[in-house]
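I opened this notebook to keep track of what I looked up in the structure. The entries follow the order in which I went through it.

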Amino acid sequence: MSKSINTKELIKIALFSALIIIGSYIIIPLFPVPISLQSLFAIASGYYLSKKYSNMSVLLYIALGLIGLPVFAGGKGGLQAIFSPSFGYILGFLAQTFYVKYKKQNLSNFNLFIMFMISSLIIYAFGVVYMGVFFKLSDKQFDLWKLLFTGMIVFLPGDILKALLFSFVTKRVEKYI
């Protein structure tokens, strides 16, 4: 038995990396972090890829961005992205795939919704903490409430909509992936 990755998994990894990139261009610009569809596709990649490869599409997306391709939200890319307040969310995309890959077993629509929201909270945790450290290191005045509001609360209505969409579409799409 070969230990190499099969062609179908490679295609799915590339597909979900491309979807995350497309999602990064569908944005509503806000400061300090824009609203985008990246999280929807990052969570979907963790769900649809096999457990062994569930984080590969997000890793590919991050690698493409860090080498300089304009794949991060707003068409940004390069190592300088690490020094932006929104980079923690990108790390959160990767972290949530480790949660999703262990939760995806014949879930009801309600449980898919809950899984999506918990994944979003993981992304927020990384994003808000990173943003807080970023602003602290750059000596900007940013209190905890403002940090939580701009780093998480403003995104909750959109993420609830994304979670509803994900929970109703997932079962229909799953048989084709």
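Before starting on the core, I noted that a nonpolar core is a set of buried Ala, Val, Leu, Ile, Met, Phe, Trp, Tyr and Cys residues joined through side-chain atoms within 4.5 Å, where buried means under 20% relative accessible area, exposed over 50% and partly exposed in between, with a 1.4 Å probe and protein chains only. The model is predicted, and local features need pLDDT of at least 70, side-chain atom pairs count only at pLDDT 80 or more, while totals for chains, interfaces and linings use all residues. Residues are numbered from 1 along each chain as its sequence is written, and side-chain values use heavy atoms, with hydrogens and water left out.

Entry on the core. I looked up the largest nonpolar core and found 43 residues, with Y61, M115 and F166 having the most contacts inside it. At least two residues of this core come from each of α1 (7-25), α2 (38-48), α3 (56-66), α4 (87-103), α5 (109-137) and α7 (156-174); helices (H or I, at least four residues) are DSSP runs numbered from the N terminus. Helix α5 gives the largest share, ten residues.

Entry on F166. Leaving aside neighbours within four places in sequence, I found F166 in contact (heavy atoms within 4.5 Å) with L40, A44, Y47, L112, M115 and F116. F166 is buried, with a relative accessible area of 4%, and F116, at 0%, also counts as buried.

Entry on the rings. I searched the whole structure for aromatic pairs and found eleven; rings of Phe, Tyr and Trp (its six-membered ring) pair if their centres lie within 6.5 Å, and planes under 30 degrees apart count as stacked, over 60 as edge-to-face and the rest as tilted. Y89 and F155 form an edge-to-face pair, 6.2 Å centre to centre with 65 degrees between the planes. This pair links distant parts of the chain, with Y89 in helix α4 and F155 in the loop between α6 (144-151) and α7, 66 residues apart. Both Y89 and F155 are buried. F116 and F166 form a tilted pair, 5.4 Å centre to centre with 45 degrees between the planes. Because F116 lies in helix α5 and F166 in helix α7, their pair ties together parts that are 50 residues apart in sequence. I also noted that ring pairs link F16, Y47, Y48, F116 and F166 into a cluster.
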